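Here's a quick look at the surroundings of a ligand and at one pair of packed helices. Have the model open while you read.

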Amino acid sequence: MTLSSVIDQENVRRRRPPAPVPREAPLSRLGLAIALYQNPLTIWTRRQFEDPIVQGEGLLGFGTVINDPIGVRRVLVENAENYRKDALQKRVLSPGLGDGLLTAEGEAWRVARRTLAPLFTPRQTAAFADRMLGAIEARLARLARRRARSIVRIDQHMTGLTFDVLAETLFSNSIPGGAEEFGNAITLYFNTLGRLHPFDLLGLPDWLPRLGRGEAGPALAFFAEQVEAIVTARRALMTERPGDVPRDILTLLLEAADPETGRGLTEREVAANIVTFIGAGHETTANTLTWALFLVQTDPRVRERLETEVDAAFAGSLPALEILERLPFTRAVVEETLRLYPPVPSLSREAIEDDMVLGKTVPKGSLVIIAPWILHRHRRLWSGPDLFQPERFLPAHRDAIDRYQFIPFGAGPRVCIGAGFAMQEAVLGLASIIRRFRLRVAPGHEVRPVHRVTLRPDGGLPMILEHRAGLPESRGPSMRP
Ligand code: HEM
């Protein structure tokens, strides 16, 4: 048998996880507006997945899509100063995240980034590991009360889980109005704002009402009020009972100072960054876990290897950081998930001046798209680009992957500030779930990726829950309570 036929059989065995098939030809203007509203993943053509750079007229004028590591490095790193976040992205995100790090630009962004950097150093993130695991275990203990073979909306449980981790690490769970209501307000807010409205895409003016946008108003107001109350209560605690102040991100934010000027953040900036961390870190990590659980159940060999690793890592009740060191395959599964279903499937920028990228002119004022969705499945860069193969991220093979061909967290000065935090949370989260449960997609449910602000399974992900402790073949150690 030849090597290629072995690989072919392997490919058949590992079914191709769902993804829209690239189009042969670009869509018309109207077709594009509709597809962008319904699911932007469906607009890409086969050429994008085969060529390093594709230029042409789009809905928003001339655009360049860069699908090559050298081009990505040019835009996001070497000449990052020449690119700013584009107007459409700001229109979608700014209503909630206005003064936060994600949407800031220029000098305001530079000051904010250097002020906030100490909050997310590897050391600081590691210091949160036990609290993260505590929040994850508490949430899973609730899920464990479900009867064997119940159907659970695993996407919703993952949203709950990442919210619990954020509530614990951001403000030690001190939410005056109740965590549940706060969580619901966040979800409604991001769901409504998260959709690209066709009027925005067609460049229609702001005063024309966008149907559906109004729904976010009350949620936004409730959300803003709650965050303000949390910040005010903490400020008071810091003055009245400094000995009782928890060392969480909120305290770090209130103590943070620009290392160059010594200036601290205003209350408004503190609140905006809390909202930003929730907005940027909540759904993205929840989607990573949801997709990982979907992918794991497509391949029994991956599931078995994961179960063996996780059972061994959790035996002995070690601290979270030591457990993490024992999870290289779990980490590889998370990275392969981020490759196939990057929670942020495309990044966009506007060129400030003309630039040359991969031998082509990127004109001043034009749109540049760097899409992890395309880059992570590019035919020239990956073998088996559409297949789920976590082994490619194991330490022995990792070096073969260029830094700029795998960019789930972006790259350069605006790289995700929470990348280490998110990886730590996703690896601990996936390991804890695999330790307790075995999950498979509910029969008859078709899984289809859809791009809102993040990449999600359309209509959620119902899964059948089995308790591993109750499965006859389970070799796992006894579960901790
Ligand atoms: C799997 C989870 C996550 C993914 C895939 C992700 C992805 C990204 C990406 C791609 C960017 C860059 C956007 C661009 O260049 O246009 C970004 C920026 C950012 N992310 Fe994340 N993120 C995740 C989790 C988090 C978490 C947990 C936090 C905070 C707690 C966070 C906070 C931020 C912030 C504040 C920025 C803006 C940074 C800046 O502009 O200086 N993210 N994220």
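Helix α14 gives the largest share of the shell around the ligand, 4 residues (helices are DSSP runs of H or I, at least four residues, and strands runs of E, at least two, numbered from the N terminus). This is a predicted model, so local features need pLDDT of at least 70 and side-chain atom pairs pLDDT 80 or more, while totals for chains, interfaces and linings use all residues. Residues are numbered from 1 along each chain as its sequence is written, and side-chain values use heavy atoms, with hydrogens and water left out.

Around the ligand there are 27 residues, and Trp109, Arg113, Arg349, Arg414 and Cys416 come nearest (a residue counts as near if one of its heavy atoms lies within 4 Å). By class, that shell has 15 nonpolar, 8 polar and 4 charged residues (Ala, Val, Leu, Ile, Met, Phe, Trp, Tyr, Cys and Pro are nonpolar, Asp, Glu, Lys and Arg charged, the others, Gly among them, polar).

Elements giving two or more residues to the shell include α6 (106–116), β5 (347–351) and α21 (419–436).

Now for the helix pair. Helix α16 (residues 300–314) packs against α21 at about 100°, with axes 9 Å apart, which makes the two roughly perpendicular (65 to 115 degrees). Their contact (heavy atoms within 4.5 Å) involves residues including Leu306 and Phe314 of α16 and Leu430 and Ile434 of α21. It divides into 6 nonpolar, 1 polar and 3 charged residues.

Terms used: Axes are lines fitted to C-alpha atoms, for helices over the stretch in contact, and angles run from 0 to 180 degrees between N-to-C directions. Angles under 35 degrees count as roughly parallel, over 145 as roughly antiparallel, 65 to 115 as roughly perpendicular and the rest as oblique.
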